[in-house]
Structures are given as structure tokens and as C-alpha cells.
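Please examine the sequence and the model shown here. The paragraphs that follow lead through the sheets, the ligand shell, the core and some individual residues.

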Amino acid sequence: MIELSGVNKHFGELHVLQDIDLTVGRGEVVVVIGPSGSGKSTLCRAINRLEPIESGTITIDGRPLPAEGKGLARLRAEVGMVFQSFNLFAHKTVLENVTLAQLKVRKRAKDEAETRGRVLLERVGLLAHADKYPAQLSGGQQQRVAIARALAMDPKALLFDEPTSALDPEMITEVLDVMRSLAAEGMTMVVVTHEMGFARASANRVVFMADGRIVEDRAPEEFFARPESERARDFLSKIL
Ligand code: ADP
Ligand code: MG
């Protein structure tokens with residue numbers, strides 16, 4: 001579903017993505033971990049071209065990601081993204097947040113978009129809050145709206161960049177529960193997270209990044225039991 005081959009990117013002198021090869025099969029859940037600054041967010045952003053790359057190829061469902069233009073907007077809609085900071089529209093209601101892109105990008109009629117929006121709000125447990133504004137919700141609720149908004153585009157894959165890092169501990173579970181159920185239903189997901197419980201329970205593979213490189217790419221049970229690299233051992237000793 002997602003394939004990166006020989007992807008490179010610099011920020012000035014910093015070689016932030018170095019020869020990245022990564023394949024995420026349909027229905028696979030890949031958890032990306034690694035120290036701060038290792039390039040995890042840049043990798044996510046590169047996958048839907050929020051960040052240009054210098055060399056290599058990225059294909060989504062067999063189609064190369066164009067650098068710009070209409071094709072880009074369409075392909076970007078195929079890969080939803082959920083950020084640490086929710087990024088909801090503050091002056092739109094919850095329901096409007098989950099319908100706007102359906103109208104603009106998917107060109108759905110308003111009725112259809114609202115119906116779909118309500119189904120998705122129900123699914124993340126927030127239908128009762130449809131007419132509220134984001135500021136009236138808790139962080140965990142806002143993040144669940146953000147997931148519903150991403151799902152409203154009927155994406156082929158979802159990228160999550162530290163979706164629970166900005167949340168108070170008691171709200172992390174409600175967001176992870178939604179993510180676990182998506183994984184169980186076969187959604188293709190790339191998840192940057194420090195939630196190792198989620199990685200153990202839901203990931204097909206764990207990708208460990210350090211200094212812009214993929215250092216390990218293995219099944220979670222193998223990775224956690226026997227990390228091969230010194231970098232990964234060191235990282236795990238600090239977070240577990
Ligand atoms: P991670 O998500 O693993 O913490 P990032 O992908 O955010 O890492 O960042 C990787 C490196 O790239 C860091 O050193 C960061 O400071 C740098 N970086 C990220 N975005 C930019 C940018 N827009 N301009 C310059 N440097 C950046
Ligand atoms: Mg990051």
C-alpha cells in the first residue's frame with residue numbers, strides 16, 4: 001500500500017532521511033519508534049508530500065506520488081494524517097470538522113457528508129458532541145475527532161505522528177482504543193508512538209529509526225525481546 005525506495009532528504013547540512021526503504025502492506029500496522037530528532041515526523045510528512053524529498057520514490061497503492069498538482073491533492077486524500085496537536089478547525093463545530101474536506105475534496109453533497117460524519121463520530125464515541133466546538137472538548141476527545149475527520153476521506157492508509165503525546169495520561173487509552181479497533185479492522189497504518197503497549201498488541205512490524213536511518217525493521221516480539229542494534233537497546237532501556 002505504501003512503498004518508499006531510496007528516499008533521501010536534507011535540511012541544510014542535516015541528512016534527515018537517509019536511503020529510506022520501507023514497505024507497508026495492505027492492512028499492515030507499522031509502528032515507528034526512535035529518539036527525538038531521528039526523522040520520524042519528516043518520514044510521515046514525506047509519505048504524503050507535506051515535505052518534498054530529493055531522491056527516491058514513494059508509491060501509494062501502486063501509484064507514484066506526484067510532486068505537485070491535482071494528482072497530489074487526490075493522492076494525499078488517500079493517506080490520512082493525524083498529528084500530535086489535533087489541528088482541528090477551532091471556529092468550526094465538531095460535525096463541520098468532519099464534513100468540510102468531504103465537501104471540498106471528495107465533492108460529496110452536504111447531506112451525504114453529514115451522514116457519513118455522524119457515523120464516524122458515533123464510531124469514535126462523540127456523536128453527542130457533534131455541535132460543540134473543539135475548545136469545549138478534552139484533548140482525548142479532540143484527537144478522536146481528528147481521527148474521525150481523517151476517516152471521513154475514506155483513506156487507503158492512515159499516518160499517526162505521536163497522536164497521544166500531547167494528552168494527559170487518562171486520555172491516552174481512549175485514543176489508543178480507537179486506533180486498536182482500526183488496526184483490528186484491517187486499516188493500513190503507520191504510527192509514530194512511544195506507546196509500546198500499542199506496538200506489542202497491534203503492530204505487525206516495529207521500525208526503529210536513528211539519525212535519519214531505519215536501523216531495525218522487525219516483528220514486535222522479536223524487536224522487544226532481542227533488539228539487534230546498540231542504538232535500539234539503548235533507546236529501549238530508556239523508555240521501558
Ligand atoms: P522526530 O520526529 O524523530 O523527532 P523530525 O523528523 O521532527 O524528528 O526531525 C528530524 C530532524 O530534522 C531534527 O533534527 C529537526 O530539528 C530537523 N528538522 C525538522 N523539520 C525541519 C525543518 N523544517 N527545517 C530544518 N530542520 C528541520
Ligand atoms: Mg516527531
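Four strands make up an open sheet in the order E2-E1-E4-E5, with antiparallel pairing. Helices (H or I, at least four residues) and strands (E, at least two) are DSSP runs numbered from the N terminus, and two strands pair if DSSP finds at least two bridges between them. The edges of this sheet are strand E2 (14–24) and strand E5 (63–64), each of which pairs on one side only. The model is a predicted one, in which local features need pLDDT of at least 70 and side-chain atom pairs count only at pLDDT 80 or more, while totals for chains, interfaces and linings use all residues. Residues are numbered from 1 along each chain as its sequence is written, and chains are lettered from A and ligands numbered from 1 in the order in which they are written.

Within this sheet, E1 is joined to E2 by seven bridges, the two strands running antiparallel. E1 and E2 form a hairpin with two residues between them, and Gly 12 in the turn has a positive phi of about 60°. Strand E1 (residues 2–11) is also joined to strand E4 (residues 55–60), again antiparallel, by five bridges.

Helix H1 (residues 40–47) lies across E1, E2 and E4 and runs at about 60° to E2. Such angles run from 0 to 180 degrees between N-to-C directions, with axes fitted as lines to C-alpha atoms, for helices over the stretch in contact. Ligand 1 is surrounded by Phe 11, Leu 14, Val 16, Gly 34, Ser 36, Gly 37, Ser 38, Gly 39, Lys 40, Ser 41 and Thr 42, where a residue counts as near if its C-beta atom, placed from the backbone, lies within 6 Å of the molecule. E2 and H1 are the elements that give two or more residues to this shell, and H1 supplies the largest share, three residues. By class, the shell around ligand 1 holds three nonpolar, seven polar and one charged residues. In this classification Ala, Val, Leu, Ile, Met, Phe, Trp, Tyr, Cys and Pro are nonpolar, Asp, Glu, Lys and Arg are charged, and the others, Gly among them, are polar.

The model has another open sheet, of six strands in the order E6-E7-E8-E3-E9-E10, with mixed pairing. Strand E6 (79–82) and strand E10 (213–218) stand at its edges with a single partner strand each, so one side of each is left without a neighbour in the sheet. Neighbouring strands here are turned by 20° against each other on average, direction ignored. Strand E3 (residues 29–33) runs parallel to E9, and four bridges join them; Val 30 stands opposite Arg 205 in E9. On the other pairing, five bridges join strand E9 (residues 205–210) to E10, and these strands run antiparallel. Phe 208 stands opposite Glu 216, and Met 209 opposite Ile 214. The hairpin of E9 and E10 has two residues between the strands, and Asp 211 takes a positive phi near 50°.

How many of the six residues of E9 are buried? Six of the six are, so E9 is largely enclosed by the rest of the structure. A residue is buried if 20 or more other C-beta atoms lie within 10 Å of its own, exposed if 12 or fewer, and partly exposed in between, with C-beta atoms placed from the backbone. Arg 205, Val 207 and Met 209 point one way from E9, and Val 206, Phe 208 and Ala 210 the other way. In a regular strand the side chains alternate between the two faces of the sheet.

The largest nonpolar core has 69 residues, of which Val 31, Val 32 and Val 190 touch the most other members. Helix H6 (residues 169–184) gives the largest share of this core, seven residues. A nonpolar core is a set of buried Ala, Val, Leu, Ile, Met, Phe, Trp, Tyr and Cys residues joined through C-beta atoms within 7 Å. Not counting residues up to four places away in sequence, Val 32 touches Lys 40, Leu 43, Val 190, Val 191, Val 192, Val 207 and Met 209; contact requires C-beta atoms, placed from the backbone, within 7 Å.

Glu 78, in helix H2 (residues 70–78), counts as partly exposed because it has 18 C-beta neighbours inside 10 Å. Glu 78 and Lys 156 are 78 residues apart in sequence but 5.2 Å apart in space, C-alpha to C-alpha.

Key: Two residues are in contact if their C-beta atoms, placed from the backbone, lie within 7 Å.
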